[in-house]
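Colleague: Can you walk me through this one? I would like to start with the sheets and then move on to the helices.

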Amino acid sequence: MTVVVVIVTRSPGWGAFKAYFLDGEIYRDSFPEILDAFWLNVKLFLTAELFILPAALFVAVLRSLPGPVFFPLRALAIVYADLFRGIPTILVISILGFGMPALGLSWVPISQFFWAVVALVLVYTAYVSEVYRSGIESVHPSQAAAARSLGLTHGQALRFVVLPQAVRRVIPPLLNDFIGLQKDTALVGTLGVVEAFKQAQIDQSATFNGTPYLVAATLFVAITIPLARFTDWLVARDRRRQQAGRLA
Amino acid sequence: MSGEALRVEGVHKSFGKLEVLRGIDLVLAEHEVVCLIGASGSGKSTLLRCVNLLEPIASGRIVVGGEEITARGVDVDVVRRGIGIVFQSFNLFPHMTVLENVTLAPRKARGLSRSEADTDATRLLERFGLADKRDEYPDRLSGGQQQRVAIARALAMEPQLLLLDEVTSALDPELVAEVLDVIRELAAGGMTMLIATHEMGFARDVAHRVCFLDAGRILEEGPPEQLFGVPREERTQQFLQRIVAAGRL
């Protein structure tokens, strides 16, 4: 770390870099505007996450259905996850955000916020369903067998025995995807919606200085860090509760 | 002994090319305790899992309490409510307390209210000396305690037939007795049980009948004093000699 700092600050272009990205006055001036715009990012990722968590669980459960009867549903879930993990998020946002309102159908919403949320939900549901699925598969089959042997149905075994254990195990990777989602709300700026990154771009063109980008970065990091610590705490609490005897 | 609790007829079962059960015939009367003995891989566990419908059978039929449970269109969930099974590795639900483990199925599958299920479960736990553990999580219990909880969990469904799959094999030697005592008590109370076990001494004193399984067949069966005392089949003699040599009988 120290080495990097020394190398960067001793570089021939350091003076220019500092003037371009680390201008204290511009930082203070652009901060309120970008903070204002940042609430849109917050609204975007909170709204999207609200739909992503249950939708992804639903897709993951579809993929875990047993037997040949459910093959079409499983296949559908796989095609969906492959497709939306494959397409770059910025394309999904552009296609829906510009494309859907352009259809000119009266019953299709034209709000770009709406389509931005839809795009983020589609992309992140695909990712998060894979996280859930790995959690479901990590629960040993003997747990489901024990539940079924007591006369619980497949659905009850899933609901009361498998999923509670699966979800607990995947909280850290779920948070990881949630952070990814927060950052990807910056892509919504390509639709012309003024969120933090777009506002930073506007301020940058007005001042010919990159410091506003640093403001946006500060805001994103400021919500990521407490969230990460919160997850650590959740995981630690769960471990304490279940395994105190074993660890002692 | 009155009616017939379990009838297994010509049951075959394969895993891929491996034939694990090759024509099993077995009848248990109500209140009867039958022990299955035999080497690892002889098919004891598979037979129990088939009776609980955790494994589909290839051919043959299984009748429990007069109803053919291997018939088409049978509701497996309803069948399983009447047949308890306890596993070698306990398989308690680690995210639930002891009480929640025991009451889950009575509440969700039998439709008892929480307070009814709690009352029943508390009585069962008291009977097995686990009353003070009801709010603990399974990981905080010893293996013997966990296995007793697993037995209580199976009994909470009030099954007419209890299957025990090598329930002491995963336990430290000093914890075996507490679990076997619980099973002896159940036998004395008239519970119909089919028990796969490596504990020959236990089989000898708890079983009404012992079946020796060899390569997917019941090679020999009889009262314990006969099967352990004067086994007819050469394979049975060899198996028992190995057990004696290992100091387990």
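**Sheets and helices**

Modeller: Gly84(B) has Leu162(B) in E7(B) as its bridge partner. This is a predicted model, by the way.

Colleague: Do E6(B) and E7(B) pair in the parallel or the antiparallel sense?

Modeller: Parallel: E6(B) pairs with E7(B), residues 161-165 of chain B, over 4 bridges.

Colleague: What is the strand order of the sheet they belong to?

Modeller: The order is E6-E7-E8-E3-E9-E10 in chain B. It is an open sheet of 6 strands with mixed pairing.

Colleague: Which strands stand at the edges?

Modeller: E6 (83-86) and E10 (217-222) of chain B. Each has a single partner strand, so one side of each is left without a neighbour in the sheet.

Colleague: And by how many degrees are neighbouring strands turned against each other?

Modeller: On average by 20 degrees in this sheet, direction ignored.

Colleague: Which residues are on which side of E3(B)?

Modeller: Val33(B), Cys35(B) and Ile37(B) are on one side, with Val34(B) and Leu36(B) on the other. Both faces of the strand are covered, as these residues are all buried. In a regular strand, side chains alternate between the two faces of the sheet.

Colleague: Which residues are the bridge partners of Val34(B)?

Modeller: In E8(B) the partner of Val34(B) is Leu194(B), and in E9(B) it is Arg209(B). E3(B) runs parallel to E8(B), residues 193-196, over 4 bridges. With E9(B), residues 209-214, E3(B) also pairs in the parallel sense, over 4 bridges.

Colleague: How many bridges join E4(B) to E5(B)?

Modeller: 2 bridges, with E4(B) covering residues 59-64 and the two strands running antiparallel. Val63(B) is opposite Glu68(B) in E5(B).

Colleague: Now the backbone angles. What is phi for Phe90(B)?

Modeller: Phi is positive there, about 65 degrees, although Phe90(B) is not a glycine. Most residues other than glycine have a negative phi.

Colleague: Where does Phe90(B) lie, and is it buried or exposed?

Modeller: Phe90(B) is in the loop between E6 and H3 of chain B. It is buried: 23 other C-beta atoms lie within 10 Å, and the cut-off for buried is 20 or more.

Colleague: What is phi for Ala215(B)?

Modeller: Ala215(B) has a positive phi too, near 50 degrees, and is a residue other than glycine. Ala215(B) sits in the loop between E9 and E10 of chain B. It is partly exposed, with 15 other C-beta atoms within 10 Å.

Colleague: Over to chain A. How many helices and strands does it have?

Modeller: Chain A has 11 helices and 0 strands. Its radius of gyration is 23 Å, well over the 18 Å that the globule rule gives for 248 residues, so chain A is more spread out than a compact globule.

Colleague: What box do its C-alpha atoms fill?

Modeller: Roughly 70 × 60 × 30 Å for chain A, along the principal axes. Buried residues account for 33% of the 248 residues in chain A.

Colleague: At what angle do H5(A) and H6(A) pack?

Modeller: About 145 degrees, with the axes 9 Å apart; H5(A) is residues 89-102 and H6(A) is residues 112-138. The crossing of H5(A) and H6(A) is right-handed.

Colleague: Which residues meet there?

Modeller: From H5(A), they include Val92(A), Ile93(A) and Leu96(A); from H6(A), they include Trp115(A), Leu122(A) and Val123(A). By class, this contact of H5(A) with H6(A) has 10 nonpolar, 3 polar and no charged residues.

Colleague: Last one. How many residues of chain B are in contact with chain A?

Modeller: 20 residues of chain B, in contact with 22 residues of chain A. On the chain B side, helix H2 (76-81) and helix H3 (98-108) each supply at least two residues. The chain B residues of that side divide into 10 nonpolar, 4 polar and 6 charged.

Conventions: Residues numbered from 1 in each chain as written. Chains lettered and ligands numbered in written order. Predicted model: local features only at pLDDT ≥ 70, side-chain atom pairs only at ≥ 80, totals over all residues. Axes fitted to C-alpha atoms, helices over the stretch in contact; angles between N-to-C directions. Left-handed = near helix turned anticlockwise from the far one by under 90°. Contact = placed C-beta atoms within 7 Å. Nonpolar A, V, L, I, M, F, W, Y, C, P; charged D, E, K, R; others polar. Pairing = 2+ DSSP bridges. Rg over C-alpha atoms; globule rule 2.2 N^0.38 Å. Buried ≥ 20, exposed ≤ 12 C-beta atoms within 10 Å, placed from the backbone.
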